[in-house]
Structures are given as C-alpha cells and as structure tokens.
Amino acid sequence: GIVLLGKVWTPDFGIAETKPGEKLFNLLPAPPVRPVIGLAQRVESYKEQLRQKCDFSSQKVPSILGEIGLPFEIQYVGLPGSQPKDSEETLNEAADAHMQALEQIMLPHCWWNYTPENSAKRGDFWNGENLSIVSNNEGRAPASLIRPYISRCSGMPISQSFSFQEGRFRCEFDVQEQG
C-alpha cells in the first residue's frame with residue numbers, strides 16, 4: 001500500500017491494517033489502520049496481514065499471492081538522525097522485508113513483474129509503474145530477490161528463512177509427517 005503508492009521506504013515506521021472486529025480496550029471499534037514501529041515489527045505486520053487475507057476463506061484451501069512487488073524508484077525516508085541509504089541498499093532492504101514475511105509463512109507468490117522493455121527513464125511503459133525486476137537488461141535488487149526456497153521436502157516443512165546479507169538459507173522440517 002504505502003510503499004507502492006508513496007514510493008518511499010521507511011523501515012522504522014509503517015502502517016498496518018487492523019483485524020476485522022478488533023476492539024480498543026474491549027469497547028470501541030479499532031481504527032482501520034495502526035502504526036508499526038521498527039523493521040522487525042514491519043515484517044511481523046506483513047505476515048499478520050498476509051495470513052489474515054489467506055484466512056478469509058472459510059475452507060482450508062491452498063493460497064497463492066498473485067502479485068507482490070515494489071516500485072524501483074523507491075526512496076529511503078528514515079527517522080531524524082538516521083543515516084542516509086543509497087538506492088540499492090534501500091531496494092534490497094524493502095524487498096527483503098517483504099520476502100521474509102512470505103518465506104516465514106510459506107506463502108507461494110508471484111513477484112510482479114518482468115518487463116524486458118523497462119528503462120529507468122520510462123519505467124514499465126504502463127500506468128506510470130516502474131515495478132519490473134529487470135531494467136536495461138540488468139536485474140534489479142538481485143541480492144534480495146534471488147533466493148533459495150524449499151522445492152521438495154522429505155517431511156512437513158516447519159520453517160524457512162534466508163539472510164541475503166550472510167548468504168544463508170535455513171529450513172526445518174518434520175520427517176515424521178509427510179508433506
């Protein structure tokens with residue numbers, strides 16, 4: 001929402017949707033959004049919101065997130081006194097936060113989009129968007145977007161995570177249960 005429309009990344013502050021029916025002090029209806037402070041809390045908020053959307057179905061059915069992405073002309077906006085970040089660092093941090101949430105809840109997804117004609121000057125040539133993972137025949141934010149994942153598993157997956165800074169993938173699975 002805010003990242004896509006505002007084209008800004010503020011790792012220390014975000015806005016999350018409240019849960020349907022959530023109450024303040026068990027009395028008043030909660031406002032539709034609430035503040036989220038800190039990068040780790042933003043990832044938790046993304047996970048919560050994605051789980052909530054997957055749970056809208058009354059049946060237990062597999063879900064896939066059809067489109068996720070971010071504007072590649074995104075700008076870093078930190079709290080007063082924070083160190084400025086270059087555009088590549090900002091892109092990697094924003095993409096990684098989204099990818100962490102998806103990985104941690106094991107939600108399959110399609111990163112939007114791939115437009116080979118994209119250019120930094122004119123974007124995707126569609127609706128003023130600049131969401132393509134390639135531009136001028138080069139990958140964008142590959143350090144955070146090219147990630148390992150569980151493709152097959154001899155058991156039931158329990159968790160997975162990837163640190164692009166360390167180049168480390170971690171997965172856990174239960175060999176007693178069949179996945």
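Student: Which element gives the largest share of the lining of the second largest pocket?
Tutor: Helix H3 does, with 3 residues. Bear in mind that this is a predicted model.

Student: Which elements give two or more residues to that lining?
Tutor: H3 and E11.

Student: How many residues line the second largest pocket, and which lie nearest its centre?
Tutor: There are 16 lining residues. Nearest the centre are Met106, Pro108, Tyr149, Ile150 and Gln160.

Student: Let's take Gln160. Where is glutamine 160 found?
Tutor: In strand E11, which covers residues 156–163.

Student: Does it count as buried or exposed, and why?
Tutor: Glutamine 160 counts as buried because its relative accessibility is 11%, and the cut-off for buried is under 20%.

Student: What does the side chain of glutamine 160 reach at 3.4 Å?
Tutor: The backbone nitrogen of isoleucine 150. There is also a backbone oxygen at 3.4 Å from a polar atom of the Gln160 side chain, and that oxygen belongs to glutamate 103.

Student: Which residues does glutamine 160 touch, leaving out those up to four places away in sequence?
Tutor: Glu103, Gln104, Met106, Tyr149, Ile150, Phe169, Arg170 and Cys171.

Student: Glu103 came up there. Where is glutamate 103 found?
Tutor: In helix H3.

Student: Is glutamate 103 buried or exposed?
Tutor: Buried, because its relative accessible area is 7% and the limit is under 20%.

Student: What does the side chain of glutamate 103 make a polar contact with?
Tutor: The side chain of arginine 147, at 2.5 Å. Beyond four places in sequence, Glu103 touches Arg147, Gln160, Ser161 and Phe162.

Student: Now leucine 102. Where does leucine 102 lie?
Tutor: In helix H3. Leucine 102 is buried, with a relative accessible area of 1%.

Student: What is leucine 102 in contact with, leaving aside neighbours within four places?
Tutor: Leu50, Leu65, Ile68, Leu107 and His109.

Student: Switching to the largest nonpolar core. Which of its residues touch the most other members?
Tutor: Trp9, Leu70, Trp111 and Leu145, out of 22 residues in that core. Helix H2 (39–54) and helix H3 (87–104) each supply at least two of the core's residues. H3 gives the largest share, 7 residues.

Student: Why would such side chains be buried together?
Tutor: In soluble globular proteins, nonpolar side chains tend to be buried together.

Student: What does tryptophan 111 touch, not counting residues up to four places away?
Tutor: Ile68, Gly69, Leu70, Ala95, Met99, Ile133 and Leu145.

Student: Zooming out, how many helices and strands are in the protein chain?
Tutor: There are 4 helices and 12 strands. The C-alpha atoms fill a box of roughly 50 × 50 × 35 Å along the principal axes.

Student: What percentage of the residues count as buried?
Tutor: 34% of the 179 residues.

Student: And the contacts? What percentage join residues at least 24 apart?
Tutor: 51%, among contacts between residues at least 6 apart in sequence.

Definitions and conventions
Residues are numbered from 1 along each chain as its sequence is written. This is a predicted model: local features need pLDDT of at least 70, side-chain atom pairs count only at pLDDT 80 or more; totals for chains, interfaces and linings use all residues. Side-chain values use heavy atoms; hydrogens and water are left out. A nonpolar core is a set of buried Ala, Val, Leu, Ile, Met, Phe, Trp, Tyr and Cys residues joined through side-chain atoms within 4.5 Å. Buried means under 20% relative accessible area, exposed over 50%, partly exposed in between (1.4 Å probe, protein chains only). Contact means heavy atoms within 4.5 Å. A polar contact is a pair of N or O atoms within 3.5 Å; within protein, one must be able to donate a hydrogen and the other to accept it, and residues adjacent in sequence count only if both atoms are side-chain atoms. On a 1 Å grid over the protein atoms alone, a cavity is a set of points where a 1.4 Å probe fits but cannot get out, and a pocket is an open set with protein on both sides within 12 Å along at least five of seven lines; lining residues have an atom within 4 Å of a point.
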